[in-house]
Amino acid sequence: HLYEQFSHLNILGRVYVAKEGINAQISVPEHKWSIFEDYIESESLLSGVKLKKAVQEGSSFIKLKILVKNEIVAYGVDKDSYDMNHTGQHLSAKEFNKSIKSEDSIVVDMRNYYESEVGKFENAIIPDVHRSQELLPAVAELLADDHDKKVHLYCTGGIRCEKASAYLKHHDFKDVNQLNGGIIEYSHQMKNKKIESKFIGKNFVFDYRMSEAITKDIISNCHQCDEPSSRHTNCENQACHILFIQCEKCSEEFENCCSAECAKIAELPIEEQRKLRKD
C-alpha cells in the first residue's frame, strides 16, 4: 500500500516498516510536498508522525525501496532489556545546549564511528563501534561509573536514541535525555531560532549526498594523506567498495579508489572485474 502511494507521488528513498514503527528516508518532489503531508495525515497509522526535512538540496535516492524489518534499528538486544514506554526526556535544541553545560553532564553519540568522524557535538563520547548491534552494550560499559550523571544522547534523526534511552533507563541510569529530532531537527532550530551550534562539522546521511554541512568546521582527515577533509566516498573498486574519507587530491591520484591496487582493478574491463570477485 505504501509503495503504491509513494510511487504515485514520485517519492524515492528507503523505508523500513516494523511492528514497533516506521522509519523513512525519502526524497519528495517539492511541488508534491503538501499532497504528501495530506496523505500522511489521512492514514490513521501515520497521522502525527514526525517529518524532518534535510538541511540541503541535492541528489539523494535513485529508487524507492520498502522493507519489512523485525526492528527499525537492529540493535540486537533482548526485548526484556528495554521498555519503549519509558524513554529519555526529549530536549529541544535550546534545551539540549543548556543542559549539556551542567557540571555532571555527559554527551554520547549514538551513531556508528564513521558517522561521528566528520561531525559531532563538542566533548561528546564517541563509542568505537562500527555496527549498531555492538552499540548499546558498548555505551552501557563506557558509562558504567556514571549512573548518577546527566546523560545526553543524540543521533541523526532521533530514531536510534528512542530505544537507546529506554535501554539505559532500564539499566538504572537515573537521568537520561535525548535530542528531540536528532541532528537534523537541531540544525533547523539552530538556523530558524538563531541558536549557537554546539555541533561541529557535517551530519553523515545514508544517501548519495553522504553528508549535510551543519557548520564549516572540518574535524576529520583524509585517510590516505592525512590532510583535513570531510569528504566520505566509497572505493570505486566494487569488490572493495569500502567507505572512507578521501580529499580531492587523493581522489584524483587514486582515481576514486582507496589504494593503488584497487585503482588498477577498477581500470580493468567489467568482465575481468567480475571474474576476480568470484575468485
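**Close-ups of charged pairs and cysteines**

**View A. Glu 20 meets Lys 163.** In this predicted model, Glu 20 and Lys 163 make a salt bridge, with their closest N and O atoms 3.2 Å apart. Glu 20 sits in the loop between β1 (12-18) and β2 (21-27), while Lys 163 belongs to helix α6 (residues 159-170), so this pair ties together parts that are 143 residues apart in sequence. Glu 20 is partly exposed, at 39% relative accessible area, but Lys 163 is buried, at 4%. Glu 71 joins in too: Glu 20, Glu 71 and Lys 163 are linked in a network of salt bridges.

**View B. Two other salt bridges.** Lys 149 pairs with Asp 146, the closest N and O atoms being 3.6 Å apart; Lys 149 is partly exposed at 35%, and Asp 146 is buried at 15%. For Glu 196 and Lys 198, the closest N and O atoms are 3.5 Å apart. Here Glu 196 is exposed, with a relative accessible area of 53%, and Lys 198 is buried at 16%.

**View C. Cysteines without a disulfide.** The disulfide count for this model is zero. Take Cys 155: its nearest cysteine sulfur, in Cys 161, is 3.3 Å away, and a disulfide needs the two sulfurs within 2.5 Å. Cys 155 is buried, with a relative accessible area of 1%. As for Cys 257, its sulfur is 4.2 Å from the closest cysteine sulfur, that of Cys 235, so the gap is too far for a bond. Cys 257 is also buried, at 0% relative accessible area.

How values were computed
Residues are numbered from 1 along each chain as its sequence is written. This is a predicted model: local features need pLDDT of at least 70, side-chain atom pairs count only at pLDDT 80 or more; totals for chains, interfaces and linings use all residues. Side-chain values use heavy atoms; hydrogens and water are left out. Buried means under 20% relative accessible area, exposed over 50%, partly exposed in between (1.4 Å probe, protein chains only). A salt bridge is a side-chain nitrogen of Lys or Arg within 4 Å of a carboxyl oxygen of Asp or Glu. Helices (H or I, at least four residues) and strands (E, at least two) are DSSP runs, numbered from the N terminus.
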